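Please read them with the coordinates open.

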Amino acid sequence: MKRYLLIAAVLFAAVFTIWLMVDHWQTSQLEAVETEEAEEDRFVMGLSASGEAATGDFSSADAVETHSSGIDEAVQEKEAEALVASGEVLTFSDLEKRAKEYAENIVKGFTSKVMEDATDELTAQTDEQTIELSYESVTSDLGTYLGIESVSSVAKNGYDEVTVTLRYEGNEGATIRFIFDAKSKLAGIWFDNTRLATAPDKGSRYEETDIKIGRPPYVLDGLLTLPVSDDPDKKDKPPLVILISDLDDADMDGTIGGASNKPLMDMAHGLALHGIASIRYNRRHYQYPETAYSETGIRETLLKDAWATIDSANYMGKIDTDAVFVLAWGRSAEYLSSIMDKRIQRLCGAIVIGAKPMKHEEMPYSDETLKTSSDAKYFMDKESTFPLMFLQGDREFETPVNYFDKWQSMFTGRAHTAYHLYKTLGHYMFPGGVEPGLADYDVKSNVNSGVIADIADWCADVAMRD
């Protein structure tokens with residue numbers, strides 16, 4: 001009897017052990033499937049490789065389940081072929097071209113043009129602002145945007161997936177994957193980072209030369225940035241933009257905030273990649289801090305150094321001296337008429353970023369002969385055809401956006417004037433926070449590449465027209 005009980009106990013233990021092994025295997029398989037699905041969902045609508053900055057909930061797995069469940073893949077392929085033959089959907093090459101245009105629009109902040117082709121499902125899941133924030137979350141630390149690296153496409157379960165790879169400085173890259181449904185409607189957008197191979201001739205895109213601005217005792221250090229063309233037959237001299245910070249104590253890069261962001265350096269390098277030369281220089285209070293405690297006014301801290309830079313540019317043999325522009329930020333741009341009035345014949349146009357249309361009068365008590373006046377109406381009353389470009393971010397807190405509207409109202413009917421308002425950008429054309437403030441400057445950022453492209457295009461157009 002005892003023998004039978006022992007045999008029964010052994011058999012029970014064996015069966016129980018087998019059951020535990022099977023249950024453990026099923027659990028591990030389920031966890032693996034869930035992990036795989038989570039990995040697929042990770043890169044949806046702006047998720048970076050680290051899984052941060054999640055926005056949106058569209059995934060390829062969801063798309064296949066929603067649109068392909070219970071449908072034979074061979075039937076789907078035949079239907080897709082019939083649609084292509086009828087002209088109702090686009091071929092891969094057409095979709096690749098469209099995806100490239102979408103990517104360029106996203107880089108420039110024109111996301112509304114992308115969403116015009118979105119499916120109702122995608123429109124319900126996300127909006128233009130979310131896409132823009134997703135793009136910025138993935139690319140804000142990548143440096144200057146250099147251009148589109150490649151475009152590739154693949155068909156998956158009745159959907160067409162087109163990947164556009166963007167190149168940034170230091171071989172950094174980002175990808176935007178566009179998902180098209182059977183009728184070539186945009187059904188999904190994914191963002192991610194990537195590492196690119198070394199760019200050919202990366203170091204030869206621009207060259208920088210130390211220069212000196214002004215006369216003793218306050219000679220300023222500066223940099224001349226020149227584009228270097230890959231075309232050996234290109235011999236034209238480039239237009240030049242003089243970059244002026246809005247801070248009296250700014251270095252030549254315009255370094256700002258706890259993250260040491262460098263808007264003037266970003267602008268110089270970005271313009272060079274578009275074939276535009278530039279000059280940037282230390283402001284006087286930065287290089288000679290003792291002058292910050294003197295009684296000197298705007299004439300000494302801004303105007304004289306700006307005039308000296310314009311004069312120097314007009315004697316440089318490497319640039320087109322008939323195409324010299326001034327780009328001024330903030331408070332410096334409010335004194336633009338004073339800069340222009342003395343040097344208007346040596347300039348081709350001016351770019352104003354984040355400035356108020358103001359009238360300033362300053363008269364130092366120590367010397368009344370140094371009275372300085374500046375009035376924004378100068379560009380309507382005296383120089384109504386001088387080319388001007390006004391740029392503003394709608395998350396600007398130093399110069400509220402209503403001043404941008406005032407420029408347009410004041411210059412109604414004025415010739416050769418361009419206006420650009422950029423969504424989600426702040427004073428230095430960096431991404432602005434949800435509640436814009438000084439803390440925005442403590443986040444590592446770069447000047448938006450689309451802004452730089454717009455400036456370069458405008459300068460080239462004005463230089464050609466003149």
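1. Where is the place of M429? The model is a predicted one, and in it M429 sits in the loop between β14 and α15. Its phi is positive, about 60°, although M429 is not a glycine. M429 is also buried, with a relative accessible area of 0%.

2. Phi of S184 is near 65°, a positive value in a residue other than glycine. At 6% relative accessibility, S184 counts as buried, because the cut-off for that word is under 20%.

3. Please also check the peptide bond from P216 to P217, which is cis, with omega near 10°. P217 belongs to the loop between β5 (206-213) and β6 (220-227).

4. At the start of α15, a side-chain oxygen of N448 comes to within 2.8 Å of the backbone nitrogen of G450.

5. Helix α7 (residues 128-139) can be treated in the manner of the previous point. It has 12 residues and reaches 17 Å from its first C-alpha to its last, close to the 16 Å expected at 1.5 Å a residue. Among its buried residues are I131, E132, Y135 and E136, and V138 and T139 are buried as well.

6. How many disulfides does a search of the whole structure find? The count is 0. For C348, the closest cysteine sulfur is in C459, and at 8.1 Å it is too far for a bond, since a disulfide needs the two sulfur atoms within 2.5 Å. Seen from C459, the closest cysteine sulfur is that of C348, again at 8.1 Å and too far for a bond.

7. Strands β13 (residues 388-393) and β14 (residues 417-422) run parallel and are joined by 6 bridges. One of the pairings is L388 with T417, its bridge partner in β14. Together with helix α14 (residues 402-410), β13 and β14 make a right-handed β-α-β unit.

8. T163 is located in strand β2 (residues 159-168). Is T163 buried or exposed? At 16% relative accessibility, T163 counts as buried, because that value is under 20%. Leaving aside residues up to four places away in sequence, T163 touches S150, V151 and S152, and also T175, I176 and R177.

9. D192 has its place in strand β4 (residues 186-195). With a relative accessible area of 15%, D192 is buried. Which C-alpha separation goes with D192 and G173? The two residues are 19 residues apart along the chain, and their C-alpha atoms are separated by 8.8 Å.

Note on methods: Residues are numbered from 1 along each chain as its sequence is written. This is a predicted model: local features need pLDDT of at least 70, side-chain atom pairs count only at pLDDT 80 or more; totals for chains, interfaces and linings use all residues. Side-chain values use heavy atoms; hydrogens and water are left out. A polar contact is a pair of N or O atoms within 3.5 Å; within protein, one must be able to donate a hydrogen and the other to accept it, and residues adjacent in sequence count only if both atoms are side-chain atoms. Helices (H or I, at least four residues) and strands (E, at least two) are DSSP runs, numbered from the N terminus. Buried means under 20% relative accessible area, exposed over 50%, partly exposed in between (1.4 Å probe, protein chains only). Contact means heavy atoms within 4.5 Å. Two strands pair if DSSP finds at least two bridges between them. A crossover is right-handed if, with the strands pointing away from the viewer, the path from the first strand over the helix to the second runs clockwise. The expected span of a helix is 1.5 Å times one less than its number of residues.
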